[in-house]
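Please keep the sequence and the structure in view while reading.

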Amino acid sequence: MRLAVAGATGNIGALTVTALERDGHDVVRISRSLGVDLSTGDGLDGALSGVEAVIDATNAAASDVAGTVAYLGTATRNLLAAEERAGVRHHVLLSIVGIAGIAHVDGNAHHAGKREQERLVAEGPVPWTIVPATQFHDFAAMVAGWTEQDGVATIPPLLVQPVAPADVAAVLAEVAVGEPRGHYADVAGPERQDLVDMARRTNEARGRAVKLVPTWTAMFSPVMAGNVMLPGDGARIMPTTFDTWLADQTS
């Protein structure tokens, strides 16, 4: 099949391209750095010529809620409109587990942007599948890195069930070649983890000494405590554990 991956140069996008090409598919990479701009639509019509399905793994720097919602909303509208013109039969969106139930966390720009994408896709003209995934194995250290100063970082004490990025890419590649499914099952890793402990272990494995201070913030507030970010019933559990992923990072 001829498929397109939006956000193809990002972490999940690149892994998804690899998974699709490993299965013998013809993959079109959509990225601003490759000459296709989702924010303006430039280059989209040419890129989607002959494409049967599109996987949207785009992301945005979550600087503020309004800006992130506007950017991802515009990109999604442009992508869906171009897909409709090209006769694309399936739009697959990567999203996040749990965000529908925590809409009142106003400070999380990334979640707000993903909710806007979900809304536009569900109301849009192209048959669709939304694949919600839990946090990736590298999420904890990334969150700590946002606030780190002079060897000290704050991090929310979230309970998560993290999943390996390569496992998510494999699901996206599998879903894209099938029929549209609407809301897909939550995709998660096999074990629950404490985000603070994950960050500590990741930093230690990378040889970094960082003092972690568990702290709730506007982006990650106490309403996200407990089971809120865990996968729901009927989740698809992927095999790669955090320990396995961490060992691969240091090998």
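The text below takes the helix pairs in turn and then the pocket.

The model is predicted, so local features need pLDDT of at least 70 and side-chain atom pairs count only at pLDDT 80 or more, while totals for chains, interfaces and linings use all residues. Residues are numbered from 1 along each chain as its sequence is written, and side-chain values use heavy atoms, leaving out hydrogens and water.

**Helix pairs**

Helices (H or I, at least four residues) and strands (E, at least two) are DSSP runs, numbered from the N terminus. Axes are lines fitted to C-alpha atoms, for helices over the stretch in contact, and angles run from 0 to 180 degrees between N-to-C directions.

| Pair | Angle | Axes apart |
|---|---|---|
| α1 and α6 (residues 165-176) | about 55° | 8 Å |
| α7 (residues 195-205) and α8 (residues 242-250) | about 25° | 10 Å |
| α3 (residues 65-86) and α4 | about 25° | 8 Å |

Angles under 35 degrees count as roughly parallel, over 145 as roughly antiparallel, 65 to 115 as roughly perpendicular and the rest as oblique. By this rule α1 and α6 are oblique to each other, α7 and α8 are roughly parallel, and α3 is roughly parallel to α4.

A crossing is left-handed if the near helix is turned anticlockwise from the far one by less than a right angle, and right-handed if clockwise. The crossing of α1 and α6 is right-handed.

Contact means heavy atoms within 4.5 Å. Among the residues of α1 that meet α6 are Ile12 and Leu15, and the α6 residues include Val168 and Leu172. This contact of α1 with α6 holds 10 nonpolar, two polar and no charged residues. Here Ala, Val, Leu, Ile, Met, Phe, Trp, Tyr, Cys and Pro count as nonpolar, Asp, Glu, Lys and Arg as charged, and the others, Gly among them, as polar.

In α7, Met198, Arg201, Thr202 and Ala205 meet residues of α8, including Trp245 and Leu246. The classes in the contact of α7 with α8 are five nonpolar, two polar and two charged.

**The largest pocket**

A pocket is an open set of points on a 1 Å grid over the protein atoms alone, where a 1.4 Å probe fits, with protein on both sides within 12 Å along at least five of seven lines; lining residues have an atom within 4 Å of a point. The lining of the largest pocket has 40 residues, and Thr58, Asn59, Ala60, His110 and Phe136 lie nearest its centre. Elements that give two or more residues to this lining are α1 (11-22), β4 (90-96), α4 (109-123) and α5 (139-147). By class, the lining has 21 nonpolar, 15 polar and four charged residues.
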